[in-house]
There are 2 protein chains.
Amino acid sequence: MDHPVPLDVRKQQILKAVVADYTRTGVPVGSQALALHLATWSSATIRNELAMLSEVGYLIQPHTSAGRVPSDLGYRYYVDFLMEEEEVPQAVRRQMEPFFAALPSGLEEILEVAATALAVVTDGVSLVTGPRALGSKVKHLDLVSLDADHALLVLILEGNLVRQHAIALGAPAEQTALSSLAFELNVELAGLNALAIAEIAAEGESGALRAVVLADIVSFMSSVDAQQDALVVHDGVRNLLRQPEFVDVELLHQVIEVVEEERMLAALIAQLQLDRGIQIMIGRENGLVELSRCSLVLTTYRAGGDRRGTIGVLGPTRMLYGQVAPRVRYVAQRVGRALERVLS
Amino acid sequence: MDHPVPLDVRKQQILKAVVADYTRTGVPVGSQALALHLATWSSATIRNELAMLSEVGYLIQPHTSAGRVPSDLGYRYYVDFLMEEEEVPQAVRRQMEPFFAALPSGLEEILEVAATALAVVTDGVSLVTGPRALGSKVKHLDLVSLDADHALLVLILEGNLVRQHAIALGAPAEQTALSSLAFELNVELAGLNALAIAEIAAEGESGALRAVVLADIVSFMSSVDAQQDALVVHDGVRNLLRQPEFVDVELLHQVIEVVEEERMLAALIAQLQLDRGIQIMIGRENGLVELSRCSLVLTTYRAGGDRRGTIGVLGPTRMLYGQVAPRVRYVAQRVGRALERVLS
DNA sequence: TCTTAGCACTCATCCATCAGGAGTGCTAAA
DNA sequence: TTTAGCACTCCTGATGGATGAGTGCTAAGA
């Protein structure tokens, strides 16, 4: 991967043609089929080249009398050096428009809509994580009385992330007391993150209503920060079923298991280097055996400031990378823009 | 369905044995296999009875030399007259405990947790709709300034359903103005639904900040009410893949399509009569051709007062109804209790 | 009249066999 | 260096019993 075997122009053209043909049909491609597209050379010449490409590991032969299929390495070379990105067609943009037109203002809702849109236009499973809230900051908070000694804490964090949590107050408190406390805290805590609030909490005397609420805010915000990474929205499992590689029910089972068991994907995505533009993980590169015959096309979206989340697509290794990558990027941009509007 | 063909005791026993055997093994059951369980009669006698049960439509023979399989009608007779509900075993309750132990206080989160728990213990796809908010009522609201002439409306509805919406104010307004307006509206609107608020909105003069916000509250609450029905959480698609009936990829495809395309299910569930305890829809009874080989076991959960939602399981027709039904009911109760705590 | 042993019959499933064909590697000529 | 030719491999799909599970029917027994 670091030192790909260099290829001459003809081998490159042939590899590219193999990838193109195979992604289109899903059937191993033979020298004769290639000779049609690459009329410059005879099938025999191509056959020789194919043998050499197999030798260096870019192509695989399922069995002796079969055509060639790109290996993970072959796809890697293709993606790194040969792939041409197809601009997102007008028709596809139009197809997504309804999703983004009536965009809601909540973070989760926006991400969910984006997931659906992405699944529709890429024929894969879309994956979206929440923006990493590296110490998200309080924008506004509110306290609503539930019963005598319980209250609901409503936190509005930067990015209009709204979270609520029930607090056991320890002692009875009226709504009026809660309201004035909320007013007071709004002034004090605006713009602060969990860490800074923890300091303020440490100062005050314990036991009082204010102390109880402050302690809860700190612990709750920390848990929100921790959770944020894990949030994975997905959509489009149905798309996998159309792919011929998934007639193998066992394989399908493994993939769906991983997708529904969201934390495995979350872990995978967390180890991702951000800020690399589109990142493509091919086959075994992702490290999960269950996904060894799948690829991931991921990128980051900006949720204002330096908060970023991940959005992307999971599909079979045999994927139209040149088409999927720009679409992922496009949706990421739209999400970023939508969040911008909603941001503080 | 309204007038099931009556059966004598022996036919009932045989039908019950066929259902038991078939749900266990997934293989058509023959007279000899039955004779092992029902030692009172010979295989020949059972054979005669099977022929009669086939004639009245309770059993089906996939082909001449195959055993019998219960028809939709047969399952219907079984669940109506023969099924014995198995109490939820201690082990299963324990299995669900972690899910309910650290239950969050938000409506959506609770429903999501319940969906996961239900999927785990029933080996099917769990389905959950939000509680029907037949004119949900305001409990608390808040206005947060976004920029000069935009504000974020945060509505806390009964049941601690928190919703936010961005408002274009039409004219600049400071946070102080918004706060005092929010204070004023909290007093006026507490406990009112969209309809009642619409009346208040109609009274005031238009154009003012207050009028703009009121108008937005009305339209937003109406849309929340409308949406509420549609909200369907699901989990456990992976479970379907273990069932032998879904080696037929085409069938699987149709089912997943329906499940992911949530609105079809929402429509199906909406037409459901509530308050009937457990409702079981077998095979074609659900009316969706895509789900003609599936069954639904549904019930309602109470979200306090007269707000109710639906929770249940989708699985193959060949389902352990006597086991699934009590588990669905159990989870519904737990959800109800969890929501109770969170309720106003 | 009801039950049941016996038996012929049906038909899905399994397995081996075989022809067809796609695609290869190798050789030798251009 | 390219390419036509050809033998070879081996997958795929079709064919055709053999097997066996399960039935319906008949006739004898309780």
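**Exercise 1. How many nonpolar, polar and charged residues does the surface near DNA strand C have?**

Solution. The model is a predicted one, in which local features need pLDDT of at least 70 and side-chain atom pairs count only at pLDDT 80 or more, while totals for chains, interfaces and linings use all residues. Residues are numbered from 1 along each chain as its sequence is written, and chains are lettered from A and ligands numbered from 1 in the order in which they are written.

Step 1. A residue is near a strand if its C-beta atom, placed from the backbone, lies within 6 Å of it, and 20 residues surround DNA strand C, the closest being A:G30, A:S31, A:S65, B:T64 and B:S65.

Step 2. Ala, Val, Leu, Ile, Met, Phe, Trp, Tyr, Cys and Pro count as nonpolar, Asp, Glu, Lys and Arg as charged, and the others, Gly among them, as polar; by these classes the surface near DNA strand C has 7 nonpolar, 11 polar and 2 charged residues.

Step 3. Helices (H or I, at least four residues) and strands (E, at least two) are DSSP runs numbered from the N terminus, and at least two residues of this surface are supplied by each of helix 2 (31-37) and helix 3 of chain A and helix 3 of chain B. The largest share, 4 residues, comes from helix 3 of chain A.

**Exercise 2. Determine the relation between the two protein chains and describe their contact.**

Solution. Step 1. When copies are superposed by least squares on the C-alpha atoms of residues with pLDDT of at least 70 in both, chain B can be laid on chain A with an RMSD of 0.1 Å by a turn of 180 degrees and a shift of 0.1 Å along the axis. That is the relation of a two-fold axis.

Step 1. Two residues are in contact if their C-beta atoms, placed from the backbone, lie within 7 Å, and the contact takes 28 residues from chain B and 28 residues from chain A. On the side of chain B that touches chain A, strand 4 (138-147), strand 5 (150-157), strand 6 (161-168), helix 10 (237-242) and helix 11 (249-260) of chain B each supply at least two residues, and helix 11 of chain B gives the most, with 6 residues. By class, that side has 14 nonpolar, 8 polar and 6 charged residues.

Step 2. The copies meet through the same surface, because 100% of the interface residues of chain B are also interface residues in chain A.

**Exercise 3. Which residues of helix 8 (residues 194-203) of chain A are buried?**

Solution. Step 1. A residue is buried if 20 or more other C-beta atoms lie within 10 Å of its own, exposed if 12 or fewer, and partly exposed in between, with C-beta atoms placed from the backbone; the buried residues of helix 8 of chain A are A:A194, A:I197 and A:A201.

Step 1. Seen down the axis of helix 8 of chain A, its buried residues fall within an arc of 60 degrees, so they line one face of the helix, where the arc is that of the directions from the helix axis to the C-beta atoms. On the other side of helix 8 of chain A, A:L195, A:E199, A:A202 and A:E203 are exposed.

**Exercise 4. Is B:I282 buried or exposed?**

Solution. Step 1. B:I282, whose place is in strand 8 (residues 279-282) of chain B, is buried, with 23 other C-beta atoms within 10 Å.

Step 1. Not counting residues up to four places away in sequence, B:I282 touches B:D72, B:Y75, B:R76, B:S295 and B:T317.
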